[in-house]
Every structure is written in C-alpha cells, then in structure tokens.
Amino acid sequence: MALKITDECINCDVCEPVCPNEAISAGDDIYVINPNLCTECVGHFDVPQCVEICPVDCIPKDPNHPESHEELLAKYERLVGGA
Ligand code: SF4
Ligand code: SF4
C-alpha cells in the first residue's frame with residue numbers, strides 16, 4: 001500500500017530527501033507521494049523513512065492503493081531494475 005500525505009502537512013521538506021525512491025515532491029499546497037514510486041520503503045528500509053521523520057505524523061497508508069508486501073517488493077525490483 002502506498003502512503004499518502006494528509007493536509008496536516010506543514011511543508012517542512014524533511015521527508016522529500018529521505019525517500020529512497022524519490023516518490024515525494026512538493027505539490028501545489030502540500031507535499032505529495034507518487035503511488036507508482038512509493039514502496040513503503042520495502043527493499044530499502046525496514047520502516048517507512050518519511051513516516052519516521054515527519055514531525056506532525058501526517059503520512060498514513062493510502063487505502064486507495066492497496067498492495068501486498070510481495071507487490072511492493074515487485075515494485076521495488078522494477079524501480080531498481082530501471083524497467
Ligand atoms: S514510504 Fe518510503 S518509499 Fe514511500 S514515500 Fe515514504 S520514504 Fe518514500
Ligand atoms: S515531513 Fe511531514 S510535514 Fe514535513 S513536508 Fe513531509 S509530510 Fe509534510
């Protein structure tokens with residue numbers, strides 16, 4: 001399941017550089033996560049790095065993008081493989 005950033009985001013910018021997949025970027029109002037790039041950090045880290053660092057705890061899982069651990073791992077492999 002990809003993660004999403006809620007409107008509680010304070011645009012502090014600390015999450016963007018810690019994402020191993022470059023899935024986070026500044027949107028029009030708040031930061032946004034590209035669900036095609038977010039693997040919940042599977043393949044890179046044991047825990048989602050953005051969730052760990054966000055000071056206002058505004059990055060829940062996105063129920064609109066349900067994915068199993070295996071699917072996240074497959075996404076990671078596609079991303080690092082450059083496919
Ligand atoms: S969970 Fe990991 S891959 Fe997904 S947006 Fe956060 S830091 Fe990036
Ligand atoms: S760390 Fe949290 S508050 Fe800061 S930009 Fe990212 S989502 Fe927004």
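These are my notes from looking through a predicted model.

**Ligand 1**

The residues around it are L3, C19, P20, N21, I24, I33, C38, T39, E40, C41, P48 and C50. Sorted by type, that shell gives nine nonpolar residues, two polar and one charged. I then looked up the space that ligand 1 takes, and it is the second largest cavity.

**Ligand 2**

Next I went to ligand 2, which sits in the largest cavity. It has 14 residues around it, and C9, C12, D13, C15 and C54 come nearest. By type, I get 12 nonpolar, one polar and one charged in the shell of ligand 2.

**The nonpolar core**

Which residues touch the most other members of the largest nonpolar core? I find I5, I24, I33 and I59, out of 16 residues in that core. Two of these, I24 and I33, are also among the residues around ligand 1. Setting aside neighbours within four places in sequence, I5 is in contact with I24, I30, Y31, V32, I33, C58 and I59.

**D7**

Is D7 buried or exposed? D7 has a relative accessible area of 67%, and the cut-off for exposed is over 50%, so I put it down as exposed. D7 lies in the segment before β1, the strand at 24-26. I also checked D7 against I30, which is 23 residues away along the chain, and their C-alpha atoms are separated by 6.8 Å. I30 had already come up in my notes as one of the contacts of I5.

Definitions and conventions:
Residues are numbered from 1 along each chain as its sequence is written. Chains are lettered from A and ligands numbered from 1 in the order in which they are written. This is a predicted model: local features need pLDDT of at least 70, side-chain atom pairs count only at pLDDT 80 or more; totals for chains, interfaces and linings use all residues. Side-chain values use heavy atoms; hydrogens and water are left out. Helices (H or I, at least four residues) and strands (E, at least two) are DSSP runs, numbered from the N terminus. Buried means under 20% relative accessible area, exposed over 50%, partly exposed in between (1.4 Å probe, protein chains only). A residue is near a molecule or strand if one of its heavy atoms lies within 4 Å of it. On a 1 Å grid over the protein atoms alone, a cavity is a set of points where a 1.4 Å probe fits but cannot get out, and a pocket is an open set with protein on both sides within 12 Å along at least five of seven lines; lining residues have an atom within 4 Å of a point. A molecule sits in a cavity or pocket if more than half of its atoms lie within 2 Å of its grid points. Ala, Val, Leu, Ile, Met, Phe, Trp, Tyr, Cys and Pro count as nonpolar, Asp, Glu, Lys and Arg as charged, and the others, Gly among them, as polar. A nonpolar core is a set of buried Ala, Val, Leu, Ile, Met, Phe, Trp, Tyr and Cys residues joined through side-chain atoms within 4.5 Å. Contact means heavy atoms within 4.5 Å.
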